[in-house]
Amino acid sequence: MEPRPCSRSPRLAARQGNLRSGGERQVSMRASREAEYTEYVHARLSWLRRTAYLLCQDWQGADDLAQKTITRLYTHWGRAGKAASLDAYVRGILVKAFLDERRSAWARRVTLPGDYAERPAAGHDADMRLDVRAALRSLPPRQRATVVLRYYCDCPVEEAAKILGVTPGTVKSQTAKGLTALRLALAPVMEA
Amino acid sequence: MNPMNEDTVRTLLADAASAPEPPSRISIEGALKVGRRRQWAARVIASGGVAVLVAGGALILPHLRLAGAPDSATRPASGTRIVAPVKPAAPAPAPAQFNPLELSANFGWLPSFWNSGGASVEETPTFTVVNLTHGQTLKVSPRGWYPDPTLYSSTRGSFPRAATDPKAPAVNGRPAYWDGNGLMWQYAPGAWAYLYGAGNVQSTNGRALDEEMASKVVFGQHQPLYTPFKLTHGLPAGWQATETDSVLTNGRLLVWQLEAGPAAKPGVLTISGDTHAGTCGVQPVPQSTLTVDGILWASYYSSGPGGDQAVCAPKSIDREYMTMYYYWRGHAQALNLASLLRTTKFFGPDPSGWTTQPIAG
């Protein structure tokens with residue numbers, strides 16, 4: 001299983017430190033900066049994509065979200081390098097992009113033309129993985145993001161609160177609601 | 001006894017995430033290209049190019065601006081000065097609390113290159129946040145509160161770091177401070193607003209852009225939000241709307257989620273529109289069902305202490321699934337969900353038919 005990194009790699013941090021004190025000329029600085037960025041994204045892409053997949057529940061959406069995240073990361077690379085944890089910073093970008101997208105996406109769907117086809121339900125899938133995905137998909141976006149942050153990314157309550165821009169109390173209540181919904185959804189499968 | 005604990009959830013999520021990956025469409029090179037272009041735009045601001053762009057065209061969020069907004073809010077700034085001269089005026093007093101069913105404050109002006117893109121808004125009685133797609137964010141609190149720079153909430157009192165944060169030039173004659181990433185200012189006596197994600201506060205021109213934007217923010221316009229349903233019999237006594245979340249779509253702010261409850265438990269009831277198919281996303285079968293005006297509603301209860309109740313329509317309502325979450329069993333009787341469903345009117349998928357008064361009474 002892919003490890004779930006929760007802090008910046010020491011090697012990368014050391015390289016960033018060296019680069020900052022190196023005094024390279026602007027062009028080579030940009031090249032170094034981009035090399036650093038590319039190295040980081042390459043190393044974390046699978047993790048990023050899988051986290052996006054848990055949030056979006058489809059690979060196409062996950063790829064779009066991950067693409068948006070790494071683009072935003074590039075433009076904020078300087079700020080990201082100063083973050084205490086680069087992975088936490090990236091997680092924040094990812095989750096915010098996901099929530100923003102869900103908000104606007106819903107409104108777009110409201111105005112769908114008349115030929116809108118309903119998607120089939122996943123209720124008859126017996127496979128546990130499908131059941132878990134369906135249960136996750138059932139959570140409202142903010143709750144889903146909270147559950148993924150807390151139980152997939154292993155973020156502490158405070159960090160999740162910071163990423164989501166809410167209070168720790170809200171994270172706790174959203175987590176409780178999310179867990180309750182997951183239990184409701186998965187209880188029969190678990191018992192079986 | 002439900003066997004699923006937190007560790008089980010961790011295992012299940014890890015397993016779900018370890019599904020076989022299809023080929024990736026993610027392009028690091030693409031991110032570099034787009035990122036470089038955005039950085040170029042950012043450098044234009046930092047180098048003073050903003051003055052030209054601002055003079056060349058500005059004003060933004062026409063859809064968010066009321067017809068009655070003052071000309072000064074829409075007029076491009078001078079081409080030679082980024083910050084137009086500000087004439088101190090007696091500000092209108094800020095309300096003691098906002099109405100979550102209206103937009104309380106809004107950007108009045110943005111430079112032209114931010115003109116595209118969407119906006120989302122969160123409104124509560126003590127907090128308004130307008131968030132633009134590209135990250136520019138305006139947070140506003142009513143009188144007696146100040147917005148938290150890092151959270152989506154307000155804190156009671158006067159901005160405490162006014163004593164220590166660097167002073168910024170007064171905004172419309174009122175005190176302002178640079179707070180790390182943005183500009184905090186008192187827009188009316190005892191009421192604060194915070195702007196971030198716009199100009200780079202480390203650069204002179206970035207700060208000037210923030211000052212310009214802050215000086216043009218409009219307050220007290222009471223712009224309506226449009227909701228796809230109406231509670232025709234209102235809410236239980238002592239309850240009120242406590243939060244709305246909306247997105248800007250085709251010039252209107254469309255509410256996708258409304259929360260209500262008593263003051264002590266403001267988020268007891270959440271009503272949100274969603275498009276999950278088939279099972280309302282809650283499996284496998286509801287504890288009970290209820291048919292109201294031909295719509296089948298499914299009801300689910302959690303088994304834990306202080307359990308939640310969720311009610312949703314397994315069939316689409318005008319091609320849209322309306323999901324109503326009820327989070328506090330202790331108030332189930334006070335609310336009477338069946339009655340609430342029976343008295344909820346849905347307006348269908350066309351926002352032109354939506355209401356600006358979703359709660360009767």
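This is a short tour of a two-chain structure, stop by stop, with something to select at each one.

**Before you start**

What you have open is a predicted model, in which local features need pLDDT of at least 70 and side-chain atom pairs count only at pLDDT 80 or more, while totals for chains, interfaces and linings use all residues. Residues are numbered from 1 along each chain as its sequence is written, chains are lettered from A and ligands numbered from 1 in the order in which they are written, and side-chain values use heavy atoms, with hydrogens and water left out.

**Stop 1: chain A**

Select chain A and colour it by secondary structure. You will find nine helices and zero strands; here helices (H or I, at least four residues) and strands (E, at least two) are DSSP runs, numbered from the N terminus. Of its 192 residues, 54% count as buried, where buried means under 20% relative accessible area, exposed over 50%, and partly exposed in between (1.4 Å probe, protein chains only). The accessible surface of chain A comes to about 8,400 Å², and 54% of that belongs to carbon and sulfur atoms. Such areas come from the Shrake-Rupley method with a 1.4 Å probe; for residues, only the protein chains shown count as cover. Among contacts in chain A between residues at least 6 apart in sequence, 70% join residues at least 24 apart; contact means heavy atoms within 4.5 Å.

**Stop 2: a pair inside chain A**

Now show the side chains of A:Arg49 and A:Asp63, which meet in a salt bridge (2.6 Å, N to O). The term stands for a side-chain nitrogen of Lys or Arg within 4 Å of a carboxyl oxygen of Asp or Glu. A:Arg49 sits in helix H2 (residues 26-56) of chain A and A:Asp63 in helix H3 (residues 59-75) of chain A, so the pair ties together parts that are 14 residues apart in sequence. Are these two buried or exposed? A:Arg49 is buried at 3% relative accessibility, and A:Asp63 is buried with a relative accessible area of 3%.

**Stop 3: chain B**

Switch to chain B, where the secondary structure comes to six helices and 20 strands. Buried residues make up 53% of its 361 residues. Chain B exposes about 15,300 Å², with carbon and sulfur atoms supplying 54% of it.

**Stop 4: where helices of the two chains meet**

Select helix H1 (residues 6-17) of chain B together with helix H6 (residues 128-137) of chain A: their axes come within 9 Å and cross at roughly 105°. Axes are lines fitted to C-alpha atoms, for helices over the stretch in contact, and angles run from 0 to 180 degrees between N-to-C directions. H6(A) and H1(B) are therefore roughly perpendicular to each other. Angles under 35 degrees count as roughly parallel, over 145 as roughly antiparallel, 65 to 115 as roughly perpendicular and the rest as oblique.

Which residues of H6(A) make the contact? They are A:Met128, A:Arg129, A:Val132, A:Arg133 and A:Leu136, facing B:Leu12, B:Leu13, B:Asp15 and B:Ala16 of H1(B).

**Stop 5: a salt bridge between chains**

Show B:Glu122 and A:Arg142, whose side chains meet in a salt bridge (3.7 Å, N to O). The pair crosses between chains, from strand E2 (residues 119-124) of chain B to helix H7 of chain A. B:Glu122 is buried, with a relative accessible area of 5%, and A:Arg142 counts as buried at 18%.

**Stop 6: a pair inside chain B**

Move on to B:Asp179 and B:Arg161, a salt bridge with its closest N and O atoms 2.4 Å apart. B:Asp179 is buried at 6% relative accessibility, whereas B:Arg161 is partly exposed at 36%.

**Stop 7: B:Leu183**

Finish on B:Leu183 in strand E9 (residues 182-188) of chain B. B:Leu183 is buried, with a relative accessible area of 0%. Not counting residues up to four places away in sequence, B:Leu183 touches residues including B:Ala168, B:Trp178, B:Leu195 and B:Ala214.
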